[in-house]
Amino acid sequence: PPIVCLVDTCMDAGKTTAAAVLIGELSRAGLRVAAGKLTGVSLHRDVLHMADCGASPVAVFTDFGVITTDEKNAVPAAHALVAHLADAEPDVIVLEMGDGLLGTYGVHALLDDAPLRSSIRATVLCAQDPVGAWGGQHLLRERYGLEVDAVCGRVTDTPVGMRFCNERLEVPAWNALRHGPELATCVKTRIMRQAVGA
């Protein structure tokens, strides 16, 4: 199934909120959504929230024997988690990568993993501020060959931050709490384009 990946510039930038809103909107649109959290520390709170918003099944790396992820254990746990979710044959899998792009929980190892990276059909970047959004876009593009399809997070709390992302980064910026349907439409459009090879 196509994967929607949510990454961020630092912890508490809005990933789980954006993931939950996206799951809710995609589920209401009739899609079967599975979801999981690939990196971080052992808490089920985020995936339980995803389940409350309509994702089924949900999984977290802890389900596969990892208490806290790092660059060594994140990839095998992620492969097991994604395979588990794919077995349910959902229409789409929404995955959250906890911690920032430069953090210590293994996000960089996952993005370096070719099989996982090649399954990503849409990338949502959550950022605290314009500098983070700019840096996150450049890092994803230059190091991993991934384009940001939408920006969410605290940077979208103000018109100035949204305008920066829309105009300077040329990436749609959506405040997930105020623009959930628009975010979902943006992601669905990207998935459909990828499916037809556009």
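Predicted model: local features only at pLDDT ≥ 70, side-chain atom pairs only at ≥ 80, totals over all residues.
Figure 1. Lys37 is a buried residue, its relative accessibility being 12%. Because Lys37 belongs to strand β2 and Glu96 to strand β4, the pair ties together parts that are 59 residues apart in sequence. Both residues also belong to a network of salt bridges with shared partners, which joins Asp8, Lys15, Lys37, Arg45, Asp46 and Glu96. Across the whole structure, the search finds ten salt bridges.

**Figure 2. The salt bridge between Arg32 and Asp91.** The closest N and O atoms of Arg32 and Asp91 lie 3.1 Å apart in this salt bridge. Distant parts of the chain are linked by the pair: Arg32 sits in the loop between α1 and β2 (33-39), whereas Asp91 sits in the loop between α3 (74-86) and β4 (92-100), 59 residues apart. Arg32 is partly exposed, with a relative accessible area of 44%. Asp91 likewise counts as partly exposed, at 30% relative accessibility.

**Figure 3. The salt bridge between Arg28 and Glu25 in helix α1.** Arg28 and Glu25 form a salt bridge in which the closest N and O atoms are 3.2 Å apart. The two residues are separated by about one helical turn because they stand three residues apart in helix α1 (residues 15-28). Arg28 is exposed, with a relative accessible area of 62%. Glu25, by contrast, counts as buried at 19% relative accessibility, since the limit for a buried residue is under 20%.

Figure 4. Helix α6 covers residues 130-144, and its 15 residues should span 21 Å at 1.5 Å a residue. The C-alpha atoms at the ends of α6 are 21 Å apart, which agrees with that expectation. The buried residues of α6 are Gly132, Ala133, Gly136, Gln137, Leu139, Leu140 and Tyr144. Viewed along the axis of α6, these buried residues fall within an arc of 165°, so they line one face of the helix. Val131 and Glu142 are exposed on the other side of α6. The elements that cover the buried residues of α6 include the strands β1 (3-8), β5 (120-126) and β6 (150-152). Also included in this cover are the helices α4 (107-112), α5 (114-119) and α7 (159-168). Gly145 follows α6 and has a positive phi, near 70°.

**Figure 5. The largest pocket and its lining.** The volume of the largest pocket is about 520 Å³. Its lining consists of 27 residues, and those nearest the centre of the pocket are Asp12, Ala13, Gly14, Lys15 and Thr16. Lys15, one of these central residues, is also a member of the salt-bridge network that includes Lys37 and Glu96. At least two lining residues come from each of α1, β2, α2 (45-52) and β4. Helix α1 gives the most to the lining of the largest pocket, with four residues.

Notes: Residues numbered from 1 in each chain as written. Heavy atoms only, no water. Salt bridge = Lys/Arg side-chain N within 4 Å of Asp/Glu carboxyl O. Buried < 20%, exposed > 50% of the residue type's maximum accessible area, 1.4 Å probe, protein only. Expected span 1.5 Å × (residues − 1). Arc of directions from axis to C-beta. Contact = heavy atoms within 4.5 Å. 1 Å grid on protein atoms, 1.4 Å probe; cavity = no way out; pocket = protein on both sides within 12 Å on 5 of 7 lines; lining within 4 Å. Points joined across faces, edges and corners; volume = space filled by probe spheres on them.
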